[in-house]
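Please look through the model shown below before reading on. The paragraphs after it take its parts in turn.

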Amino acid sequence: MDSVLVVHFWLGILVAACAALLVWFRLGRRITLYALTLQILLGLVLLVLGHRAPPPHYVLAIVGWTGYMGANLMSRQPDSRQNVLVLTILSSAMVLLAAYIGAATMHPG
């Protein structure tokens, strides 16, 4: 198995854990965003190397990443707690689903 794919897999586990546990705080959301950015960059390297995953894997990861970016931006506004929470929950759901699809792709059957 390609070493970049293995790193992508293990970083995906870390990103999924962050998406479930850390995103509820501004610093945790920022850490998750950095890890997810690295994960997406590794995914692009894998695409260049010829690896493929189902399209929802890519779409969910990018939309979840965008949602975390939006939640971080919105968290600086007064009275935005509820909107930030909703956006964070939706983004985490997308990232966790992308992680599930990616893990299922690595271990079919």
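Predicted model: local features only at pLDDT ≥ 70, side-chain atom pairs only at ≥ 80, totals over all residues.

Residues are numbered from 1 along each chain as its sequence is written, and side-chain values use heavy atoms, with hydrogens and water left out.

Start with helix 1 (residues 3–21) and helix 2 (residues 26–48), whose axes come within 9 Å and cross at roughly 155°. Helix 1 is therefore roughly antiparallel to helix 2. Helices here are DSSP runs of H or I with at least four residues, numbered from the N terminus. Axes are lines fitted to C-alpha atoms over the stretch in contact, with angles running from 0 to 180 degrees between N-to-C directions; angles over 145 degrees count as roughly antiparallel. The crossing of helix 1 and helix 2 is left-handed, that is, the near helix is turned anticlockwise from the far one by less than a right angle.

On the helix 1 side, the contact (heavy atoms within 4.5 Å) is made by V4, L5, V7, H8, L11, G12, V15, C18 and A19. Helix 2 contributes T32, A35, L36, L38, Q39, L42, G43, V45 and L46. Sorted by class, this contact has 13 nonpolar, 5 polar and no charged residues. Ala, Val, Leu, Ile, Met, Phe, Trp, Tyr, Cys and Pro count as nonpolar, Asp, Glu, Lys and Arg as charged, and the others, Gly among them, as polar.

G12 lies in helix 1. Is G12 buried or exposed? Its relative accessible area is 15%, so G12 is buried; buried means under 20%, exposed over 50% and partly exposed in between, with a 1.4 Å probe and protein chains only. G12 and Q39 are 27 residues apart in sequence, and their C-alpha atoms are 6.7 Å apart in space.

How many aromatic pairs does a search of the whole structure find? The search finds 1, formed by F9 and W10, with 5.5 Å centre to centre and 80° between the planes, which is edge-to-face. Rings of Phe, Tyr and Trp (its six-membered ring) pair if their centres lie within 6.5 Å, and planes over 60 degrees apart count as edge-to-face. W10 has a relative accessible area of 55% and is therefore exposed.

Now turn to helix 3 (residues 55–74) and helix 4 (residues 81–106). Their axes come within 8 Å and cross at roughly 155°, so helix 3 and helix 4 are roughly antiparallel to each other. Their crossing is left-handed. Helix 3 makes the contact through P56, H57, L60, A61, V63, G64, G67, Y68, G70, A71 and M74, and helix 4 through N83, V84, L87, T88, S91, S92, M94, V95, L97, A98, I101 and G102. This contact has 14 nonpolar, 9 polar and no charged residues.

V63, in helix 3, is partly exposed at a relative accessible area of 40%.

The loop between helix 3 and helix 4 holds D79 and S80. D79 is exposed at 83% relative accessibility, whereas S80 is buried at 9%. Phi of D79 is near 60°, a positive value in a residue other than glycine. Leaving aside residues up to four places away in sequence, S80 touches M74 and S75.

Definitions and conventions
Helix = DSSP H or I, 4+ residues; strand = E, 2+ residues; numbered from the N terminus. Parallel < 35°, antiparallel > 145°, perpendicular 65-115°, else oblique. Phe/Tyr/Trp six-rings, centres within 6.5 Å; stacked < 30°, edge-to-face > 60°.
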